[in-house]
Amino acid sequence: LLRKTTMRSFCIAALLAVASAFTTQPTSFTVKTANVGERASGVFPEQSSAHRTRKATIVMDGKANAIRDRITSVKNTRKITMAMKLVAAAKVRRAQDAVLATRPFSETLQSVFGGLIQRLGGESVDLPLLTEREVKKVTLLVITGDRGLCGGYNSFMIKKAEARFNELKKNGVEADLILVGKKGIAYFERRGFPIRKKYETGQNPTAKQALAIAEEVSSTFLSGESDAVELLYTKFVSLIASSPSIRTLVPFSASDITAKGDEVFQLTSESGQFGVERTELDVAAPQEFPNDMIFEQDPIQIVNAILPLYLNGQILRTLQESVASELAARMQSMQSASDNAGSLAKQLNLEYNRARQAAVTQELLEIVSGASALE
């Protein structure tokens, strides 16, 4: 009899211990004996309130606690990456507005230039920025970003610039670099490449910054230190794609200036998803000058004065497009990071629930085994 009473008491104590593992409330499980003649309605007066305020099961297991901490860390990281994506989207809109703001000036410049070329007719235009020379040395103007966390944006541009530099060296042509962006500067400085000039423009390029770069490019070409300047930048295609591009910046080609159209992009959002609409713009019509119009200066001198302005506009537009490409790459990178964090959090939740269930099952098995051993 004594042995049965002891075993019954041990089982009751074990059940109370298991019940206490499911709540942090000290009075969540109470026992009250009803008096003779009273109804037993108040035997468990606090059970329902304790159930409503019951927290997660405290699993006394190091593995489960480590998984729970990691879940919290992953969810916090996902919040950060989503916030960075939205910040990049806002900056893309600002870059888009900057491109649209420069359109009237570039259209007018192209129109005036085309009209002056038509006015000159078949007359040969001998201007320094339009004169092609035998290429013995090339200067590469490389535009990269100032920050990381943007996928392969910087690495693609750096690899293309390095490949172009090695190609020129292999063909017996000297080359040096004009670098824009901290990432490109850090990479090429560590490897001892010949660097002519370095610039840091940030994520909001201005006409003043573009003017400084344009003056360096034009002085390098006009002084004869370089026979051509090639521009390497990332062409903005869409939010999920960008294309590292290379083209000759100077000397100019009069036909390219007058026959080259333009395109603008506009960031859109639909059902919570971002997108880009691209619009192809026609070439600006040449401005018509009457035959009896007398210019105070010679038209060739006017064209010569317009070319530096055109160079400045091209560099500013390229800087803006590179910034847009960087921000779009960052948006895509942060979206991928957020998706991966969500998937990882779900997987960790499953592992945590399995570990929690295994710990509770183990405790119950120990109780049952202990009770069986006393029989």
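Me: Why is F165 called buried?
Reply: The model is predicted, and its values are computed. F165 has a relative accessible area of 7%. Buried means under 20%. The value of 7% falls under that cut-off, so F165 counts as buried.

Me: Where is F165 found, and what is it in contact with?
Reply: F165 is found in helix α4, residues 153-170. Leaving aside neighbours within four places in sequence, F165 is in contact with L140, A175, D176, L177, F193 and P194. Contact here means heavy atoms within 4.5 Å.

Me: How many aromatic pairs does the structure hold?
Reply: The structure holds three aromatic pairs.

Me: What makes F165 and F193 an edge-to-face pair?
Reply: Two values decide it. The ring centres of F165 and F193 are 5.0 Å apart, and the planes stand at 70°. Rings pair if their centres lie within 6.5 Å, and planes over 60 degrees apart count as edge-to-face.

Me: Why is the pair of F165 and F193 said to tie together parts that are apart in sequence?
Reply: F165 lies in helix α4. F193 lies in the loop between α5 (182-190) and β3 (195-199). These parts are 28 residues apart in sequence, so the pair ties them together. In space, F165 and F193 are 9.4 Å apart, C-alpha to C-alpha.

Me: Are F165 and F193 buried or exposed?
Reply: Both are buried.

Me: What makes F188 and F193 an edge-to-face pair?
Reply: The ring centres of F188 and F193 are 5.0 Å apart, with the planes at 85°. The limits are 6.5 Å for the centres and over 60 degrees for the planes. The values meet both, so this pair is edge-to-face. F188 is buried, and so is F193.

Me: Which residues form one aromatic cluster?
Reply: F165, Y187, F188 and F193 form it.

Me: How do you know that the charged end of R191 sits over the ring of Y187?
Reply: The charged end of R191 is 3.7 Å from the centre of the Y187 ring. The distance cut-off is 6 Å, and the charge must also be within 35 degrees of the ring normal. The distance of 3.7 Å is within the cut-off, and R191 is listed as sitting over the ring.

Me: What lies over the face of F221?
Reply: R133 does, at 4.3 Å from the ring centre. That distance is also within 6 Å.

Me: How many cavities of 30 Å³ or more does a search of the whole structure find?
Reply: The search finds five. About 80 Å³ of space lies in the largest cavity.

Me: What makes up the lining of the largest cavity?
Reply: The lining divides into four nonpolar, six polar and two charged residues. D146 and E326 are among the lining residues, and Asp and Glu count as charged. G145 and G202 also line this cavity; Gly counts as polar. Helix α8 (residues 299-374) gives the most, with four residues.

Me: Which element gives the most to the lining of the second largest cavity?
Reply: α3 does, with four residues. α3 (62-120) and α8 each supply at least two. By class, this lining has five nonpolar, three polar and two charged residues. K91 and R94 are among its residues, and Lys and Arg count as charged.

Key
Residues numbered from 1 in each chain as written. Predicted model: local features only at pLDDT ≥ 70, side-chain atom pairs only at ≥ 80, totals over all residues. Heavy atoms only, no water. Buried < 20%, exposed > 50% of the residue type's maximum accessible area, 1.4 Å probe, protein only. Phe/Tyr/Trp six-rings, centres within 6.5 Å; stacked < 30°, edge-to-face > 60°. 1 Å grid on protein atoms, 1.4 Å probe; cavity = no way out; pocket = protein on both sides within 12 Å on 5 of 7 lines; lining within 4 Å. Points joined across faces, edges and corners; volume = space filled by probe spheres on them.
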